[in-house]
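Me: I want to know what the labels on this model rest on. Please go through them with me.

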Amino acid sequence: MALSRGMNQEASQDTDQGLLDATLMQNLQDRFCDANNVYLVCLSRTRGVVTKAYGSKEELAYIHGLTGVERHMTLMNRLLDDGIESVLEEDCGNDLVKMCGVSIKIGGKTAAIWIVIGIMDREGGDVPSYVMRTTPERYDKSLEFLETLSKQMFAVKMEELMAQEAVLKSRESETQMEAELHRNEVMTSIVKMLESENSFEEIVHDILRECCAYMEISRGALLKENKEHSKIEMICEYAAPGMDSVRGEWSGVSREKMPFFNGKPYMISSNSMMPEVFRQFFDAHGLLAGIFLPVEVNTRAEMYLCFLEEHEERNWEVTDVKFVNDVRRIIQSILLKRIAKNSLASSYASLEAILENVGCGIYVKDPVSGRILYSNQRLRAFLPDDAAPDMLENCWREESGGIDTDCFHEIYLEQEKRWFDYHRTGIHWVDGRSVFLYTIYEVTDKKLYQQKIERQANNDFLTGLYNRMRFEQDLAHCIEQTKEFGGEGALLYIDLDDFKHINDGLGHQYGDILLKNISDSLRRIPGVENNCYRMGGDEFIIILAHRQIMMLQKILNDIRTLFSKPWMLKGADYYCTMSMGVVRFPTEGDTVEELIKKADIALYAAKCSGKNRVEFYDENVESTSFRRLDMEKNMRNATNNAFSEFEVVYQPIVDVTRESNPCVGAEALIRWNSGELGLIAPTDFIPLAEYLGLINPIGAYVLEEACKRCKYWNDMGHPDYKVNVNLSVVQLLQNDIVEQVRSVIKRTGIVPENLTLEVTEGLAINDMSRMKKILSEIRALGVRVALDDFGTGYSSLNHIREMPIDVIKIDRCFIIDIGKDEFSAAFVKMVAELAQTIGVHVCVEGVETKEQVDALKQTKIQLIQGFYFGKPLHKEEFDEKYL
């Protein structure tokens, strides 16, 4: 149906690509066309042609002759521009043909477009026998069913994407919980220093070491003002390993040179705006970020706690600021305690003040008497009066170890339905005795959220069965177990036969009821239970591990029996059969992807054999689509791996009028030597690359490599050498193709006139207005444009004068018999004269014999390309021969 040539890409930027699974869409299309006798192709706003048009080469040629490209483009643009209608019909001027577009909208935006063509079965209609025919009534019903089925498929895909997003959120939540636990452990370690017998400077140094290590910053310091001399002194300092001390640099400095020493707190990130005086201070000391917190002595800010970053940019987060403020209060408490000369009352008051302001529940217990010495208000707010004693008693009962042993526990209050994490460590109390310090955090909200995320991530929303994501995890685990313990497992892939009849006849709500009933019945089969998964739509998979493989035949019989009976729907009995594909592992595959593909091949064989049957995988009847899937996988890997398997080769272009060194450049061609599949012909992999949307990165790679090589030729004594690079249909349809070419020219430094971009004649003819605009913009860069495969299109002579081109390349089919066939010689001569008239050059492709060369010289053709002068060569071979 040749839709890729005329796609309107302007409105294709908003579709969520995660909704489009090309393999799934192709499978849906092919089955739908077989069942409804229509011709179908799927388009996406961002990916162009999603599925290969259905039909043989002869069928598609016939349909293309009836409909024409212009009608495809008109219908597509109408659907993209229309914000209301989802089905539009295009008049083909022939009552034998019906042509409609079905727009599938998700969230008000077009996610995909189906172009549906039906050939009517009418008396007197001259339709070839190999073309499928339908009736107007069947065609209209197929449109309605296609729209409904596509919406359901996208809804299921959306659920999968939401589940994947939920898993990511769950992982983020776990990371956050780990970070909070780490911060609480560090804070607990710092709180223990309240009762240290070391000097104040040693304690603060230890605190700074803990803080800098936790926050991963360069330096921490405590500064004090010497009021007698109005100088700043450094009480203590901690520097990260490998950093020099700045005590000498910072001590003895006047207060005026420390702009932060004014009693106010400052949190200055690398991206913060700051006054000039702070900018000068940061530059003078090589600071990139800093936190400066006042520490009061007798109600006056006589000290400053500083945290400094000198190695890399740092933007302080809210958690950082809260953490250092808690540390400042602890240091303040230690200072007050020392000022009070270890007064018990003063120490206890300071300790109580700090413990009442930390963000967790705290209590202190005497391990000898079992008496609680202290509990803060936060703990009392956490726990109701009747729950606190039981909870604390359970904690003590689970404890083990001495005063130096730390303990971590999770507690669940069943009646309250609340979760708590608590940590126990040993400290010295204000009166000198050894006690246990408990810190308690409520984590109920995080637990409930985690449970919700796990349910969404693992279960199908309709049937309650595990979903595809959970299936892939369980199958990978089951494969590993089977390899470890020996034996064999099996994968049972089930697809309901003609499920659409239930949806069409009774409505989707009864289709959903049937899916639920089938799911419940499958789970009740012995040996299946929790090993059943819904893959989406009406497809199910059952995993049989090595422990259950001996039950395989009985399970298959039970499933056949299950589907041999009718299902009660809407007060009546309805039959719904199933087809199944079975594959064994690890003998027939040991990866998730391989087993799914092979099970699908077996399932497809069951469908082709008449449905309502079970087929085991047989490698002797493996379909050609399996090799295509392998090629697709390897091509994606090759493009993701820096194009290491691709190579650009160069076929020389010669000027036959030159006596010496006739080579004037080369055409750059792509070759793919796959590590797994071997050397693959361009005619095989380039159409697949266009279909998969990979031709853009591959084409960009060829363009970049060719420009680099041509620049090398030009620099190495051949300033006039030119390089030709082919642009595919998909590349030219990119909105930014001109900017891409400009960028490559700038990066490689190639002279623009030495780059020739080749476009096919068929593309240019079928979208003349757009091609004229794009090619004119490319030529404005100084780049030459060649019209490739000239003579193979239609109506080309009517348009050739309009096109902004520099070179016409005559296709090899016109010179095979030149010198023997009068038409070939006349055609080449006519093109040469036409080119001279409109001021363009002519290049002939595919020249292989001396007779052809001699005949071409008679037509005054200068540029020739073909095996007679040289096959495509690796760059080193080309340089050796022509440089």
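This is a predicted model: local features need pLDDT of at least 70, side-chain atom pairs count only at pLDDT 80 or more; totals for chains, interfaces and linings use all residues.

Reply: Residues are numbered from 1 along each chain as its sequence is written, and side-chain values use heavy atoms, with hydrogens and water left out.

Me: Why is α1 called roughly antiparallel to α4?

Reply: The axes of α1 (residues 22-36) and α4 (residues 136-192) cross at roughly 160°. Angles over 145 degrees count as roughly antiparallel. That is why α1 is roughly antiparallel to α4.

Me: What makes the contact of α1 with α4, and how do its residues divide?

Reply: Contact means heavy atoms within 4.5 Å. On α1, the residues include L24, L28 and F32; on α4, they include F145, L146 and L149. The contact divides into ten nonpolar, two polar and one charged. Ala, Val, Leu, Ile, Met, Phe, Trp, Tyr, Cys and Pro count as nonpolar, Asp, Glu, Lys and Arg as charged, and the others, Gly among them, as polar.

Me: Which residues make the contact of α20 with α22?

Reply: L703, E704, C707, K708 and K711 of α20 meet V741, V744, R747 and T748 of α22. They divide into four nonpolar, one polar and four charged.

Me: What share of the protein chain is buried?

Reply: Buried residues make up 50% of the 883 residues. Buried means under 20% relative accessible area, with a 1.4 Å probe and protein chains only.

Definitions and conventions
Axes are lines fitted to C-alpha atoms, for helices over the stretch in contact, and angles run from 0 to 180 degrees between N-to-C directions. Helices (H or I, at least four residues) and strands (E, at least two) are DSSP runs, numbered from the N terminus. Angles under 35 degrees count as roughly parallel, over 145 as roughly antiparallel, 65 to 115 as roughly perpendicular and the rest as oblique.
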